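Student: I have a structure to go through before the afternoon. Can you take my questions as they come?
Tutor: Go ahead, starting wherever you like.

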Amino acid sequence: MRTLAIVSAGLLLTALAAGCGGSRTVVSTVTVERKASAASNAMGDQRLYGQIKSFARNGDHYELRFDPAWFLSGVTANVAQAADQGSPCRPSTCPPVANDNYVVNEGRRLLTYIVPANVRGTVLTKYGANSGPFPATTITAAQLAQLVAGKKSPKLFEPLSSGVWILVHGDTVRTFAQQYRP
């Protein structure tokens, strides 16, 4: 019996060795390049919500005068609204804000940002080409300047006073998106 076990083990090892001899392992290294490097993020890309106060061409770019605000939701919005109304409460007991958000404008200081002429963003239109919860149309910086100046095309679903989100890197706007406010 013992001899049979030794022979069986020997055959098993031979079969395994023969099976392993025909294969080889290949390892490859893939380098993935990210759009934003760690150095650029260290400078701090920011998403800011606020109002466009002016948007004017200046040489090869635009200058945006922007009034930032805090676009709050959830418990943060509930507590901020209660405090603004003079009725502080424990966070879990504050009444909810209307429409799930609350805007706090802590000051009227306008910030100036550079907007390259090739920047694109979205505005809310009744029949937007972009899918999503709200129809949006992609426009250029030049078209945004025209809308801020009062031009009526493209026809907006609601006025720009609903607020705009901007993605900023340092002093430069990378993109913009109009915010829906019911």
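Student: Which residues is D67 in contact with, leaving aside its neighbours within four places in sequence?
Tutor: In this predicted model, D67 is in contact with Y49, G50, Q51, K53, N105, G107, R108, R109 and L110.

Student: Where does D67 lie, and is D67 buried or exposed?
Tutor: D67 lies in strand β2. The residue has a relative accessible area of 1%, so with the cut-off for buried at under 20%, D67 counts as buried.

Student: What does the side chain of D67 make a polar contact with?
Tutor: With the side chain of N105, at 3.1 Å.

Student: Switching to aromatics. How many aromatic pairs are there?
Tutor: The count comes to six. One of them is F55 with Y62: the ring centres are 5.1 Å apart and the planes are at 15°, so this pair is stacked. Both F55 and Y62 are buried.

Student: And how are the rings of F71 and W165 arranged?
Tutor: Their planes are at 70° and their centres 5.6 Å apart, so F71 and W165 are edge-to-face. The pair links distant parts of the chain, with F71 in strand β2 (residues 61–72) and W165 in strand β7 (residues 164–169), 94 residues apart.

Student: Are F71 and W165 buried or partly exposed?
Tutor: F71 is partly exposed, at 22% relative accessibility. W165 is partly exposed too, with a relative accessible area of 27%.

Student: On to the core. Which residues touch the most other members of the largest nonpolar one?
Tutor: F55, L64, Y113, V115 and I166, out of 21 residues in that core. The elements that give two or more residues to it are β1 (45–58), β2, β4, α4 (141–148), β7 and β8 (172–178). The largest share, four residues, comes from α4.

Student: Why would those side chains sit together?
Tutor: In soluble globular proteins, nonpolar side chains tend to be buried together.

Student: What is V115 in contact with?
Tutor: Apart from neighbours within four places in sequence, V115 is in contact with F55, H61, Y62, L64, A141 and V173. There is also a second, separate core of six residues, and L72, A77, Y102 and V104 are among them.

Student: How many helices and strands are there overall?
Tutor: The protein chain has four helices and eight strands. Along the sequence the pattern is α-α-β-β-α-β-β-β-β-α-β-β.

Student: What share of the residues is buried?
Tutor: Buried residues are 27% of the 182 in the protein chain. The accessible surface comes to about 12400 Å², and 56% of it belongs to carbon and sulfur atoms.

Student: What about contacts along the chain?
Tutor: Taking contacts between residues at least 6 apart in sequence, 57% join residues at least 24 apart.

Student: Where is confidence lowest, and where highest?
Tutor: The lowest is helix α1 (residues 2–21), with a mean of 44, and the highest is strand β4 (residues 111–116), at 98. Over residues 1–20 the pLDDT is below 50, and beyond near neighbours in sequence that stretch has zero contacts in the model.

Note on methods
Residues are numbered from 1 along each chain as its sequence is written. This is a predicted model: local features need pLDDT of at least 70, side-chain atom pairs count only at pLDDT 80 or more; totals for chains, interfaces and linings use all residues. Side-chain values use heavy atoms; hydrogens and water are left out. Rings of Phe, Tyr and Trp (its six-membered ring) pair if their centres lie within 6.5 Å; planes under 30 degrees apart count as stacked, over 60 as edge-to-face and the rest as tilted. Buried means under 20% relative accessible area, exposed over 50%, partly exposed in between (1.4 Å probe, protein chains only). pLDDT is the predictor's confidence in each residue, from 0 to 100. Contact means heavy atoms within 4.5 Å. A nonpolar core is a set of buried Ala, Val, Leu, Ile, Met, Phe, Trp, Tyr and Cys residues joined through side-chain atoms within 4.5 Å. Accessible areas come from the Shrake-Rupley method with a 1.4 Å probe; for residues, only the protein chains shown count as cover. A polar contact is a pair of N or O atoms within 3.5 Å; within protein, one must be able to donate a hydrogen and the other to accept it, and residues adjacent in sequence count only if both atoms are side-chain atoms.
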